[in-house]
Amino acid sequence: MYWVFPGRWYLVVFITIIGEVTSHKIAIVGGGIGGTSNAFFLQQLLKDKAQIKIFERGDVGGRLREMQIGGRSYDSGGSIIHSDNFYARALTEKVGLKVRNLDKGGGTGFYDGKEFVLKLTGSTFKDKFKVLGRYGFGIRNIVKDAEMMLKTFKRIYCLQSKKVAFKSTAELLNSTSPDFLKRAQVSMRQSLKTLGVSELIQNELIAAAMHTNYNQELDVNAFVGFVSLAGGLVGDLWRVEEGNFRLPQELVKATGVEVVKSKVRSILPSSRGTGYTVTYTLSGDTEDFETEDFDAVVLATPLHNADLQLPDKVDVAKNTKPFQRTIATFVNGILAPVVPGQENPEDILTVWSKEDLFFSSIGFKGSATPDFNYKIFSKTPLTGEQIGKLFSKVNEVKSVDWKAYPKYSVPDTLPDFELAPGLFYINAIESAASAIEMSCIGSKNVALLLFQYLENVENVDFKTVCRQQDLIKFKEEL
Ligand SMILES: Cc1cc2nc3c(=O)[nH]c(=O)nc-3n(C[C@H](O)[C@H](O)[C@H](O)COP(=O)(O)OP(=O)(O)OC[C@H]3O[C@@H](n4cnc5c(N)ncnc54)[C@H](O)[C@@H]3O)c2cc1C
C-alpha cells in the first residue's frame with residue numbers, strides 16, 4: 001500500500017498546479033446584456049479555464065428591465081431589435097427564449113405640435129405613395145444608404161468569427177468601413193446635406209427617428225444617426241417574446257456564472273504585481289466591503305454611471321461621456337385626440353418643431369385592464385398637468401427615469417476597449433452607437449481581447465481575413 005499514497009499525492013499536486021496555471025479569474029462589473037453576454041463569449045473561448053464572477057449592484061438586466069401596468073408586462077428600456085442583429089437573435093435562441101416579429105402596426109403619425117404633417121397607415125404599398133407624395137424621390141437615397149450601411153457593418157460578424165479584436169472603437173469602426181469612422185465624426189445633419197437630403201425630410205422623417213430612438217436632435221453623430229434610421233427603413237423588427245429583460249437573466253442561468261449582488265468601489269492594480277484587486281461593497285453599506293484579486297477585469301457598464309475608482313493610468317475623461325436622460329412613462333387610460341377632431345394613429349412621433357413639445361413619442365401598447373396601455377418618452381418627467389392634457393382618462397401611471405444612452409455630439413473622442421493591460425471596457429462602443437446589439441458586439445470584442453491577453457495569443461490582422469469572397473460564403477454561427 002505504501003507506494004499508492006505518494007503516487008496519489010503527486011497526482012493531486014500535479015492537478016493543482018495545472019489548475020492554477022491554466023485557469024483565469026475574471027471579474028465582470030455589470031450584469032446587463034453586455035456583461036452577461038461577455039460571460040457567455042468568454043466561456044466559449046476559454047472553456048473550463050474561465051472562472052467568472054459578475055458584480056451587479058442592481059438587478060441583472062440593467063437597461064433591459066420589466067415594467068408591469070394594467071396587468072401586462074413591457075420592456076421599459078431597450079425594447080426593439082433589428083432583424084440583422086445577429087448576436088441578439090442567436091443568444092435568444094441559444095438560451096431557449098422565443099423571437100417575436102413585430103408587425104408594422106396600425107399606423108404612425110408625425111406630429112409637429114399642432115397637426116400631423118404625415119400619417120402612415122402601416123400598409124407598405126399605401127405608405128410608399130404617401131412618403132413619395134410628401135418628400136419626393138430624395139428619400140430613396142437614404143434608404144439605399146441605410147441598406148448599404150447594414151450590409152457593410154455585417155463584416156464585423158465575419159471578423160469576430162475569425163477572432164479579430166480591436167483595442168479601440170475607432171479601430172473597430174474602421175475595420176468594417178473607413179466611412180463609418182468618418183461618419184462618427186460628423187453630425188447627422190451635415191451627413192444628410194452631403195447626401196443631398198432635403199431640409200423637409202431632415203426636419204420631419206429623420207428628426208422623428210432621432211427623437212424616438214435617442215431622444216436627441218440631428219446634431220448626433222452620423223453613425224448613430226444612420227443606425228437609428230436603418231431600424232425604421234430597412235429590414236424587420238423583433239423582440240424577445242418573454243421580454244428582452246429575460247435575455248440577460250437566462251444568460252446567467254445558461255453560463256452558470258456567479259452573480260455577486262454588490263457595488264464595485266474600485267479596481268486597482270493588485271499587490272501581487274499582476275492582475276487587479278476588486279473592492280466591492282456588501283449589503284449596500286459603504287463601510288462594509290470586501291476585496292478579491294482577479295487576473296483580468298471587464299467593465300460592462302458606462303463609466304459615467306459606475307462611480308468607481310480606476311488605476312491612475314486610465315484616461316477616465318476620454319472614456320466617460322455624458323448621458324441623455326429619457327423618461328419612459330407608462331399610462332393605463334384613454335388617450336385624448338392629440339389633434340382635436342382626428343383619430344390618433346397607434347404611434348405618434350414628433351418632428352422638429354417650434355412648439356414646446358413636452359414628449360418625444362407616444363406608443364399605443366394595446367388593450368389592458370382596464371382600458372389601454374401607452375408608453376411615452378420624454379426628456380423630463382411628465383407632470384400631472386401634462387398627463388391630464390394628453391389623456392381623457394387616467395387609471396395608472398408608472399415611469400422609469402433613465403440615463404439612457406450617450407448624449408451624442410461631434411467632434412467627439414471615441415473611447416478604448418482596452419483601458420490598461422488586463423482591464424477592458426465593453427461600453428466604449430456606445431460612443432459610436434448604443435443598442436442591445438452594439439453591447440453584444442462590444443462584449444464579443446472584449447472577450448476576444450481578453451482571450452488574447454490571457455492565453456498570449458497574437459491578434460489577427462483584419463486586412464487578411466473576410467475579403468469580399470469570404471463574406472459571400474460566410475455563414476453566421478454562434
Ligand atoms: C429608454 C431606453 C430605450 C432603449 N431602446 C432600445 C431599443 O429599442 N433597442 C436597442 O437595441 N437598444 C435600446 N436601448 C439601449 C439598450 O437598452 C442598451 O444599449 C443596452 O441595454 C446596454 O446594455 P449594457 O449591458 O451595455 O449596459 P447596462 O444595461 O447599463 O448594464 C450595466 C450594469 O452595470 C451595473 N453597474 C454599474 N456600475 C456598477 C458598479 N459600480 N458595481 C456593480 N454594478 C454596476 C448597473 O447596475 C447595470 O445593471 C434603450 C435604452 C433605454 C434606456
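Visitor: Which elements do the buried residues of H3 pack against?

Guide: This is a predicted model, in which local features need pLDDT of at least 70, side-chain atom pairs count only at pLDDT 80 or more, and totals for chains, interfaces and linings use all residues. Residues are numbered from 1 along each chain as its sequence is written. In helix H3 (residues 86-94) the buried residues are Tyr87, Ala88, Arg89, Leu91 and Thr92, where buried means that 20 or more other C-beta atoms, placed from the backbone, lie within 10 Å of the residue's own. With contact taken as C-beta atoms, placed from the backbone, within 7 Å, the buried residues of H3 pack against H2, strand S5 (81-82), strand S6 (99-101), strand S9 (237-240), helix H12 (246-255) and H15.

Visitor: Which residue just after H3 takes a positive phi?

Guide: Helices are DSSP runs of H or I with at least four residues, strands are runs of E with at least two, and both are numbered from the N terminus. Just after H3, a phi of about 85 degrees is taken by glycine 96.

Visitor: Which element gives the largest share of the side of domain 1 that touches domain 2?

Guide: The domain bounds, from an automatic or database assignment, are 4-60 + 250-321 + 416-473 for domain 1 and 66-163 + 177-242 + 323-406 for domain 2. Their C-alpha centres lie 32 Å apart, and 28 residues of domain 1 are in contact with 24 residues of domain 2. On the domain 1 side, two or more residues come from each of H2, H12, H15 and helix H16 (468-473). The largest share, seven residues, comes from H15.

Visitor: How do the residues of that side of domain 1 divide into nonpolar, polar and charged?

Guide: Ala, Val, Leu, Ile, Met, Phe, Trp, Tyr, Cys and Pro count as nonpolar, Asp, Glu, Lys and Arg as charged, and the others, Gly among them, as polar. On the side of domain 1 that touches domain 2, the division is 16 nonpolar, six polar and six charged.

Note on methods. Buried ≥ 20, exposed ≤ 12 C-beta atoms within 10 Å, placed from the backbone. Contact = placed C-beta atoms within 7 Å.
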